[in-house]
Amino acid sequence: MKRLLNSLKLMLGLAPTRPAKETWTPEAKEMHAYKKSAEQVAIRREAIKEELAAGHSSKKWKIRRWISIITINLLFVISYHFDVQLVEGALTASRFVGFHMADLNSALQVTLAYKHMVVNLVIGTVTVFLLWWALGGRTFCSWVCPYHLVSELGEMLHLKLVKMGLVKDHPLDRRLRTVLYVIFAFLAFATGYTVFETINPVGILSRAFTYGASLALLWIGVLFLVEVFYSRRFWCRYACPIGLTYGFVGSLSPVHINYNLENCLHEGECRKVCLVPHVLEITKMGYADDVKIQVGADCTRCGMCVDVCPTQALTFKVKGLDGML
């Protein structure tokens with residue numbers, strides 16, 4: 001329970017801290033001591049040199065994510081334009097073969113705005129809640145959200161410009177996302193209008209793909225430029241309240257990324273690629289209080305850390321189904 005609460009606090013914007021040694025498990029204490037021996041330090045340094053020279057990196061999970069995002073969003077387009085009626089609506093609210101589906105954050109906004117929840121919204125919300133609980137809430141962010149793909153492309157450009165010395169990343173306070181979450185919830189309740197939905201990139205892009213472009217795409221362009229030239233992954237890391245909603249839902253999900261202290265080289269390549277690198281602070285030397293730890297609630301299960309880890313210190317796990325992924 002304590003680990004879960006700390007994970008949620010981290011998601012809400014609390015700065016990661018190094019756990020006190022007295023909180024380490026006996027196994028973790030033994031492993032940390034073993035890794036600090038002169039012999040192991042030398043071995044690890046050599047292994048890191050070899051890894052960086054080899055440029056180890058898989059694209060397995062990245063390819064799977066891109067296929068997932070494109071396929072799911074393409075289903076809406078095909079269903080509408082060819083009148084298949086497989087998926088109707090947009091990602092914020094839809095029907096899948098007749099079953100109502102409602103984005104949890106959008107449903108929350110509507111409920112606050114209208115001060116009650118209609119039956120169809122209850123059905124759609126429960127269905128989606130169970131789906132994302134099973135898969136891991138923030139899986140939506142990296143495996144379904146169309147803006148994630150846009151943001152990932154923006155990040156590629158940003159990193160190239162940083163390498164060329166043309167731009168500099170400006171990290172922001174992660175508590176901003178929590179503040180915006182509260183503000184948008186309050187605005188919905190006070191005004192009776194779902195204010196956030198007017199700037200929600202998920203809804204804007206989903207509707208644009210299906211029904212055609214609108215002026216709202218200018219907002220997507222603004223976000224893209226901010227992420228390319230000013231702050232890496234600005235929307236997903238520091239602003240989007242959807243991530244918080246799904247983070248809470250998936251905090252006890254059976255699907256998670258598992259960290260194995262014994263296998264870790266502590267070279268930090270996983271944190272360099274992570275969408276939310278604060279969840280991987282446990283990979284720093286002395287930050288893991290146990291030998292095996294589930295990565296926190298804010299994890300998007302994107303698999304980028306798994307792709308770059310050369311020693312399988314980070315792997316996908318499903319409770320009861322370990323070894324199948």
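Visitor: Is Glu155 buried or exposed, and what is its relative accessible area?

Guide: Glu155 is buried, with a relative accessible area of 7%. Here buried means under 20% relative accessible area, exposed means over 50%, and partly exposed lies in between (1.4 Å probe, protein chains only). The model is predicted, so local features need pLDDT of at least 70 and side-chain atom pairs count only at pLDDT 80 or more, while totals for chains, interfaces and linings use all residues. Residues are numbered from 1 along each chain as its sequence is written, and side-chain values use heavy atoms, with hydrogens and water left out.

Glu155 forms a salt bridge (a side-chain nitrogen of Lys or Arg within 4 Å of a carboxyl oxygen of Asp or Glu) with Arg233, and their closest N and O atoms are 3.1 Å apart. This pair links distant parts of the chain, 78 residues apart: Glu155 belongs to helix H8, and Arg233 to the loop between helix H11 (217–229) and helix H12 (234–239). Helices (H or I, at least four residues) are DSSP runs, numbered from the N terminus. Arg233 is likewise buried, at 1% relative accessibility.

Let us turn to another residue of helix H8. Glu152 forms a salt bridge with Arg65, the closest N and O atoms being 3.0 Å apart. Because Glu152 lies in helix H8 (residues 146–163) and Arg65 in helix H4 (residues 60–81), the pair ties together parts that are 87 residues apart in sequence. Glu152 is buried at 2% relative accessible area, and Arg65 is buried at 0%. In the whole structure, a search finds 10 salt bridges.

Methods: Helices (H or I, at least four residues) and strands (E, at least two) are DSSP runs, numbered from the N terminus.
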